[in-house]
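Q: How should I read the aromatic contacts in a model like this one? Please take me through them one at a time.

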Amino acid sequence: MKVKQGLLKYVSTDVPAEERARYAAREWPAGLTPEPEDEVTVLFVLGYDRAPEISSRARKSLAAYPADLVLKALERKIEPVVIKKLVSLFNDNEAVVIMAASSPWIDDETLREIALNGPEEAVALLAEDTARLHRKPFLFDAIFKNPRTPTDLLPELRAIEGSLAHGHGDEEVEKFIPPKELIDEHGSDEFNIYQAIQHLNIG
């Protein structure tokens with residue numbers, strides 16, 4: 001996972017614990033509240049802070065994050081692992097799940113989970129995106145297994161599936177595997193914090 005250099009002032013272990021605790025509670029300096037995509041990233045990272053009082057507070061803040069701001073965050077570029085966490089926290093909010101499914105930064109594992117267990121509107125969105133289905137044929141099986149899939153979409157989906165020469169079972173789901181390098185090899189202004197959370201289970 002990568003975090004923008006500009007967000008290190010909130011999540012770095014060099015930042016005093018009392019300040020990190022305030023950020024975990026969404027107590028920002030006047031006029032300096034981060035944009036939603038940055039705030040959810042900060043809360044996600046602080047959710048794995050070594051100080052239990054900080055990590056607990058950050059996780060509660062993320063779970064209680066306003067849904068309208070979650071939607072705004074999902075409109076922007078955020079890390080796939082953060083999208084996955086938001087989907088798990090807000091899986092009962094159809095708008096959030098639909099927005100996540102529409103994100104170009106969602107990973108295939110989370111996308112398949114939405115196709116398999118998501119609400120009808122999200123499944124319909126995936127089913128109607130024929131270009132994506134051609135790129136990610138593993139979605140067919142998940143959509144077919146979802147009891148919320150609209151039945152009127154099934155004939156067309158089976159026709160599209162049948163037109164794919166390689167079949168829908170040959171694609172392997174892309175898991176989010178962060179790079180090992182500390183600094184992005186392309187020189188972007190992002191700091192890789194994967195080493196700090198690589199031993200933690202995310203979900």
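Q: How many aromatic pairs does the count come to?

A: Rings of Phe, Tyr and Trp pair if their centres lie within 6.5 Å. In this predicted model, the count by this rule comes to five aromatic pairs. One of them is formed by Tyr-10 and Tyr-23, with 4.9 Å from centre to centre and 85 degrees between the planes. Planes over 60 degrees apart count as edge-to-face, so the Tyr-10 and Tyr-23 pair is edge-to-face.

Q: Which parts of the chain does the pair of Tyr-10 and Tyr-23 link?

A: Distant parts: Tyr-10 is in helix H1 (residues 8-11) and Tyr-23 in helix H2 (residues 17-24), 13 residues apart. Ring pairs also link Tyr-10 and Tyr-23 with Trp-28 into a cluster.

Q: Is Tyr-10 buried or exposed?

A: Buried means under 20% relative accessible area. Tyr-10 counts as buried because its relative accessibility is 8%. Tyr-23 is buried too, at 8%.

Q: What is the geometry of the aromatic pair of Phe-140 and Phe-144?

A: That pair is tilted, with 6.2 Å between the centres and 35 degrees between the planes. Both residues lie in helix H11 (residues 138-145), four residues apart, which is about one turn of the helix. Phe-140 counts as buried, since its relative accessibility is 0%.

Q: Which residue lies over the face of Phe-144?

A: Arg-158 does, at 4.2 Å from the ring centre. Elsewhere, the charged end of Arg-59 sits over the ring of Tyr-48, 4.9 Å from the centre of that ring.

Terms used: Residues are numbered from 1 along each chain as its sequence is written. This is a predicted model: local features need pLDDT of at least 70, side-chain atom pairs count only at pLDDT 80 or more; totals for chains, interfaces and linings use all residues. Side-chain values use heavy atoms; hydrogens and water are left out. Rings of Phe, Tyr and Trp (its six-membered ring) pair if their centres lie within 6.5 Å; planes under 30 degrees apart count as stacked, over 60 as edge-to-face and the rest as tilted. Helices (H or I, at least four residues) and strands (E, at least two) are DSSP runs, numbered from the N terminus. Buried means under 20% relative accessible area, exposed over 50%, partly exposed in between (1.4 Å probe, protein chains only). A charge sits over a ring if NZ of Lys or CZ of Arg is within 6 Å of the ring centre and within 35 degrees of the ring normal.
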